[in-house]
Amino acid sequence: MIERQLSLDISEFSGLYDAIIPEDHLLRQINELVDFTFVYDELKDKYCHDNGRNAVHPIRMFKYLLLKTIYNLSDVDLIERARVDMSFKYFLDMAPEDDVIDPSLLTHFRRRRLKDENLLDLLVGKTVELAVKHDIIQSKSIIVDATHTKARY
C-alpha cells in the first residue's frame, strides 16, 4: 500500500540537515531540483493501493538505488552508509533518527518491482537527464565502446 507523495516525518532533529549539509552538496542539489514523482508514475501499477501493510515508498527505494549507482556501493555498504551519512538520509527524505531498510529489500525491489530490466536504466536515465538540464551534473567526456568483434569479411 503506497501513497502518491513521499512524506518526511517532522523531527526535532531535522534542523541538523541545514547545519551539516552544505548548500552546494550534490545530493542536496539533486533533491531540491529534481522532481522524483516520475518514479511513482512508472511504478504505481506494481503496488497494491488498497490493502496490505505499508510498503517502503517506491521513490525512496529508487533513491537508494540511485545512491548505489552514484557512489558505486554494494547493497550492504549502501545501507551501512545510509545509516551514518546525514547527506544520504537527507536525500532519502528521512528524519535523522529514522532507521534504514534491510539490504534484502533492495533485492526484493529490483526483482519484484523492476522486473523489466530496462526500467531501472530508464529511471536513472531520466534522473541524469534532469540533473544535466539543471546543471547539477556536467558531462565533459565522451565514452566510446571499443569492444573487439569479428567481422563477417
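The model is predicted. The protein chain contains 8 helices and 0 strands, and 38% of its 153 residues count as buried. The largest nonpolar core has 32 residues, and H4 gives the largest share of this core, with 7 residues.

**Overall fold**

- Read from the N terminus, the order of elements in the protein chain is α-α-α-α-α-α-α-α.
- Of the contacts in the protein chain between residues at least 6 apart in sequence, 73% link residues that are at least 24 apart.

**Nonpolar core**

- In soluble globular proteins, nonpolar side chains tend to be buried together.
- Within the largest nonpolar core, the residues with the most contacts are Phe36, Val39, Leu43, Tyr64, Leu106 and Leu123.
- Two or more residues of this core come from each of helix H2 (26–33), helix H3 (37–43), helix H4 (58–71), H5, helix H6 (86–91), H7 and helix H8 (117–133).
- Leu106 touches Met61, Tyr64, Leu65, Asp75, Leu78, Ile79 and Ile101, when residues up to four places away in sequence are not counted.

**Helices H4 and H5**

- The axes of H4 and H5 come within 10 Å of each other and cross at roughly 105 degrees.
- Crossing angles from 65 to 115 degrees count as roughly perpendicular, and H4 is therefore roughly perpendicular to H5.
- On the H4 side, the residues that meet H5 are Tyr64, Leu67, Lys68 and Tyr71.
- Their partners in H5 are Asp75, Leu78, Ile79, Arg81 and Ala82.
- Sorted by class, the contact of H4 with H5 has 6 nonpolar, no polar and 3 charged residues.

**Helices H5 and H7**

- Helix H5 covers residues 75–84 and helix H7 covers residues 104–113; their axes come within 9 Å and cross at roughly 125 degrees.
- H5 and H7 are therefore oblique to each other.
- Asp75, Leu78 and Ile79 of H5 meet Leu106, Thr107 and Arg110 of H7.
- This contact of H5 with H7 comprises 3 nonpolar, 1 polar and 2 charged residues.
- Asp75, Leu78 and Ile79 are named in the contact of H5 with H4 and also in the contact of H5 with H7.

**Loop between H4 and H5**

- Asn72 is located in the loop between H4 and H5.
- Although Asn72 is not a glycine, its phi is positive, at about 55 degrees.
- Asn72 has a relative accessible area of 71% and is therefore exposed, since the term applies to values over 50%.

**Loop between H6 and H7**

- Asp93 is located in the loop between H6 and H7.
- Asp93, a residue other than glycine, has a positive phi near 60 degrees.
- Ala95 also lies in the loop between H6 and H7.
- The relative accessibility of Ala95 is 1%, so Ala95 counts as buried, a term for values under 20%.
- Ala95 and Tyr17 are separated by 78 residues in sequence, while their C-alpha atoms are 9.3 Å apart in space.

Notes:
Residues are numbered from 1 along each chain as its sequence is written. This is a predicted model: local features need pLDDT of at least 70, side-chain atom pairs count only at pLDDT 80 or more; totals for chains, interfaces and linings use all residues. Side-chain values use heavy atoms; hydrogens and water are left out. Axes are lines fitted to C-alpha atoms, for helices over the stretch in contact, and angles run from 0 to 180 degrees between N-to-C directions. Helices (H or I, at least four residues) and strands (E, at least two) are DSSP runs, numbered from the N terminus. Angles under 35 degrees count as roughly parallel, over 145 as roughly antiparallel, 65 to 115 as roughly perpendicular and the rest as oblique. Contact means heavy atoms within 4.5 Å. Ala, Val, Leu, Ile, Met, Phe, Trp, Tyr, Cys and Pro count as nonpolar, Asp, Glu, Lys and Arg as charged, and the others, Gly among them, as polar. A nonpolar core is a set of buried Ala, Val, Leu, Ile, Met, Phe, Trp, Tyr and Cys residues joined through side-chain atoms within 4.5 Å. Buried means under 20% relative accessible area, exposed over 50%, partly exposed in between (1.4 Å probe, protein chains only).
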